[in-house]
Amino acid sequence: MNVNHRRALARGTALAGALALALTACGSSGDNAAAPAPGDAESVLEAGGEITVWAWEPTLEAVVEDFEAEYPNVDVELANVGTGNDQYTALQNAIAAGDGVPDVAQVEYYALPQFAIGESLADIGPLGAAELDGTFTPGPWSAVQQADGIYGLPMDSGPMALFYNEEVFTNLGLEVPTTWDEYLEAARAIHAADPNAYIANDTGDAGFVTSMIWQAGGQPYAVDGTDVTIDFTDEGTAKFAETWQTLLDEDLLAPIGSWSDEWYQGLGNGTIATLTIGAWMPANLESGVEAGAGKWRVAPMPQWEAGANATAENGGSALAVTEASPNKELAYAFVEYANAGDGVQTRVDGGAFPATVAELESEQFVNKEFEYFGGQKVNEVLAESATNVVEGWQYLPFQVYANSVFNDTVGQAYVGETTLQEGLADWQQLTTDYGNDQGFTVEN
Amino acid sequence: MTTTTASATTSAGRRGAGPLRTRSRRAHSVERPRRSMVLTVATGIVLIYSLVPLVWLVINSSKTQASLFGSFGLWFSGDFALWDNIVQTLTYDGGIFVRWLANTLLYVVAGAGGATALAIIGGYGLAKFTFPGKRAVFAIVIGAVAVPGTALAVPTFLMFSQMGLTNTPWAVIIPSLISPFGLYLMWTFAAEAIPTELLEAARMDGASEVRTFAQISLPLLAPGIVTVLLFTMVATWNNYFLPLIMLRDPDWYPLTLGLNAWNAQAATAGGEAIFNLVITGSLLTILPLIAAFLLLQRFWQSGLAAGGVKE
């Protein structure tokens with residue numbers, strides 16, 4: 001409630017800011033008629049120029065080609081500087097050096113607050129993003145809004161679902177779990193039937209843990225400007241930690257890191273039976289797990305209360321315009337094209353899971369039958385999940401740091417050194433200290 | 001058998017046949033060291049330890065992505081897909097691998113070649129000329145050998161970015177030109193390998209310094225040059241951290257960064273896992289280095305040995 005109110009307020013401020021800027025622009029246009037008014041995308045695109053885009057999203061390549069074909073005066077330099085953290089390090093280096101900063105950067109939702117509060121990213125509300133209210137699903141749209149502005153346009157989203165290997169469940173005569181209690185039972189049955197098989201792999205992943213707490217209704221992070229609260233003692237966190245600790249205690253989770261070659265192997269041969277993961281997963285399964293073709297299906301995320309339908313976001317990223325960009329109007333024009341314009345369909349065709357309401361609701365999208373998933377209309381489940389994301393979640397303005405120390409704290413629980421509850425308490429302590437050192441006022 | 005008898009006879013003849021000498025006891029000398037079971041086994045383990053990764057690489061570059069996951073790692077399985085993999089590696093993403101290979105070659109030729117040239121000139125000068133401040137240079141060079149290049153990468157990055165050189169090939173080539181170890185090696189090598197009398201003779205005959213250097217000293221330095229060249233080549237070829245922080249544009253990546261980028265694709269939402277290409281690419285990447293070692297090996301050995309013993 002409180003959070004929603006704050007967000008509404010923030011939106012109001014952003015709009016006011018946009019208005020003020022528009023007014024100034026009008027006032028000054030008499031002095032300098034050549035300068036295009038902000039938001040006048042067509043004339044900016046007509047004038048052209050060169051922008052650099054740092055992104056690892058593979059579908060952007062086709063978008064850039066289409067964009068350059070449509071606006072021949074614009075030259076877009078697309079560079080894959082690394083996935084996630086690698087790119088953030090490069091971006092921070094470039095910003096610190098004040099040289100070589102791209103105009104547009106792909107930033108995951110969890111990392112966005114960090115770059116926004118560091119004033120590395122430009123508020124694109126005044127450039128036209130403020131008018132896009134309602135274009136995106138609520139989860140990603142609230143993720144790109146920080147305090148007083150809009151710091152990116154959602155590129156994809158990762159509403160969570162339960163991907164499962166149907167063969168494993170059929171062979172054992174198991175029902176697909178709809179609650180986490182049933183999930184625990186299924187985990188025991190799968191591992192009992194084959195000691196090499198597990199319901200899932202987990203070696204500790206900050207993104208997964210925060211998403212699970214998110215779904216359970218926990219709100220460990222609350223951010224208001226530089227006032228931050230970190231509290232891993234709420235009910236939602238407790239629910240997740242208890243169930244997951246049981247899974248760990250009984251050795252029901254495969255000690256295999258996600259994205260490793262063993263992981264791909266396990267997904268193919270049935271020794272990793274499910275994935276609770278973001279909606280962007282189908283493309284990865286199709287291209288990386290040939291052996292699993294026809295076996296995988298998608299079901300709604302298991303629930304903490306039978307009959308509920310709460311979900312959370314897992315992963316997903318936005319395209320942001322950097323503060324250092326000399327041509328923010330043009331940079332924004334590209335971002336809007338890619339994430340709210342014609343680029344969206346190109347990316348959906350390339351296998352991306354969109355964050356835009358129009359695409360998520362389109363018949364063509366929802367009714368697409370996936371051969372890999374035995375002809376299942378996978379997007380039905382995933383699009384449904386997108387509408388059920390629990391509201392009010394916030395990431396820390398130093399989440400990149402927090403995630404980097406996850407392994408030293410919570411991660412220890414996965415190797416039996418401590419429990420999740422204690423690990424989370426350590427994580428809270430470590431991030432609290434860091435936040436205070438960085439000039440935030442952090443309370444627990 | 002024959003040789004054993006022969007050497008036994010020689011040493012017996014030299015020392016006089018003692019009563020304890022029997023056929024079962026072997027004579028040992030520098031040419032014929034004692035055979036040690038423990039040492040043989042230890043060497044064997046080291047040999048296997050260093051060869052297994054190579055064997056693994058060769059075996060697995062012959063597998064398709066699917067059979068990589070479905071088969072035992074240290075033996076062949078499924079279709080022999082090495083040629084397919086090589087073709088795919090060279091053509092994937094518009095042949096970017098070939099571009100990376102060319103970049104690496106550029107960095108090696110310009111960086112390692114330049115570093116070697118500078119080390120030869122510097123080492124020769126330091127070894128054969130006396131000038132004030134030589135001891136200070138010596139101290140700096142020795143100190144610089146002890147500082148790993150990785151530690152200097154970030155300050156170098158900040159400096160280069162102020163000069164606007166980051167994200168250009170220069171950012172990789174210029175730091176590669178500095179090889180304190182190469183300079184030190186050339187210095188000690190030149191001091192040993194070039195008799196000062198020879199230089200004096202050349203000067204007496206009226207050869208200019210440049211001609212003395214080019215025609216008298218350079219040929220004598222050849223083994224040392226090859227050694228330094230190999231060291232700097234390996235260092236530049238395998239360089240990862242420096243290009244990682246200097247380069248942003250994949251078009252300028254060397255192979256090390258490119259392969260890492262391919263590997264990271266598997267961990268990217270919507271990315272295509274291409275483990276088979278990463279493995280085949282790694283195999284292709286080490287081939288030139290292996291070739292260089294085989295071709296330059298004998299120079300290298302003599303280069304390492306020279307300077308080790310005072311004559």
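## Close-up views of a predicted model

**View 1. The largest nonpolar core of the predicted model.** In this predicted model, the largest nonpolar core holds 189 residues, and those with the most contacts inside it are Val104(A), Leu112(A), Tyr198(A), Ala320(A), Phe334(A) and Met186(B). From each of domain 1 (9-157 + 315-369) and domain 2 (160-313 + 393-443) of chain A, this core draws at least three residues. In soluble globular proteins, nonpolar side chains tend to be buried together.

View 2. Domain 1 of chain A gives 16 residues to the contact, while domain 2 of chain A gives 15 residues. On the side of domain 1 of chain A that touches domain 2 of chain A, the largest share, three residues, comes from helix H5 (residues 112-117) of chain A. Sorted by class, that side of domain 1 of chain A has nine nonpolar, six polar and one charged residues.

**View 3. The open sheet of five strands in chain A.** Five strands of chain A form an open sheet in the order E2-E1-E3-E14-E6, with mixed pairing. Strand E2 (74-79) and strand E6 (153-154) of chain A stand at the edges, and each has a single partner strand, so one side of each is left without a neighbour in the sheet. Strand E1 (residues 49-54) of chain A runs parallel to E2(A), and six bridges join the two. Within this pair of strands, Trp54(A) stands opposite Ala79(A), which belongs to E2(A).

**View 4. The buried side of helix H3 of chain A.** In helix H3 (residues 60-70) of chain A, the residues Leu60(A), Val63(A), Val64(A) and Phe67(A) are buried. Around the axis they cover an arc of only 100 degrees, which puts them on the same side of H3(A). What covers the buried residues of H3(A) includes E2, helix H13 (328-339) and helix H14 (343-349) of chain A.

View 5. Strands of a sheet pair through backbone hydrogen bonds, either parallel or antiparallel. With strand E12 (residues 274-278) of chain A, E7(A) pairs in the antiparallel sense over five bridges, and here Ala161(A) stands opposite Ile277(A) in E12(A). With strand E13 (residues 296-299) of chain A, E7(A) pairs in the antiparallel sense over four bridges, and here Phe163(A) stands opposite Val298(A) in E13(A).

**View 6. Thr419 of chain A and its surroundings.** Thr419(A) is found in the loop between helix H18 (399-404) and helix H19 (420-437) of chain A. Thr419(A) is partly exposed, with 17 other C-beta atoms within 10 Å. Not counting residues up to four places away in sequence, Thr419(A) touches Gln245(A) and Ala413(A). Val209(A) lies 210 residues from Thr419(A) along the chain, and the C-alpha atoms of these two residues are separated by 14 Å.

View 7. Chain B has 13 helices and zero strands, and buried residues make up 31% of its 311 residues. Among contacts in chain B between residues at least 6 apart in sequence, 71% join residues at least 24 apart. The contact between the chains takes 25 residues from chain B and 29 residues from chain A. Helix H3 (65-69), helix H6 (149-162) and helix H12 (255-265) of chain B each supply at least two residues of the side of chain B that touches chain A. By class, this side of chain B has 13 nonpolar, nine polar and three charged residues.

Conventions:
Residues numbered from 1 in each chain as written. Chains lettered and ligands numbered in written order. Predicted model: local features only at pLDDT ≥ 70, side-chain atom pairs only at ≥ 80, totals over all residues. Core = buried A, V, L, I, M, F, W, Y, C linked by C-beta atoms within 7 Å. Buried ≥ 20, exposed ≤ 12 C-beta atoms within 10 Å, placed from the backbone. Domains from an automatic or database assignment. Pairing = 2+ DSSP bridges. Contact = placed C-beta atoms within 7 Å. Nonpolar A, V, L, I, M, F, W, Y, C, P; charged D, E, K, R; others polar. Arc of directions from axis to C-beta.
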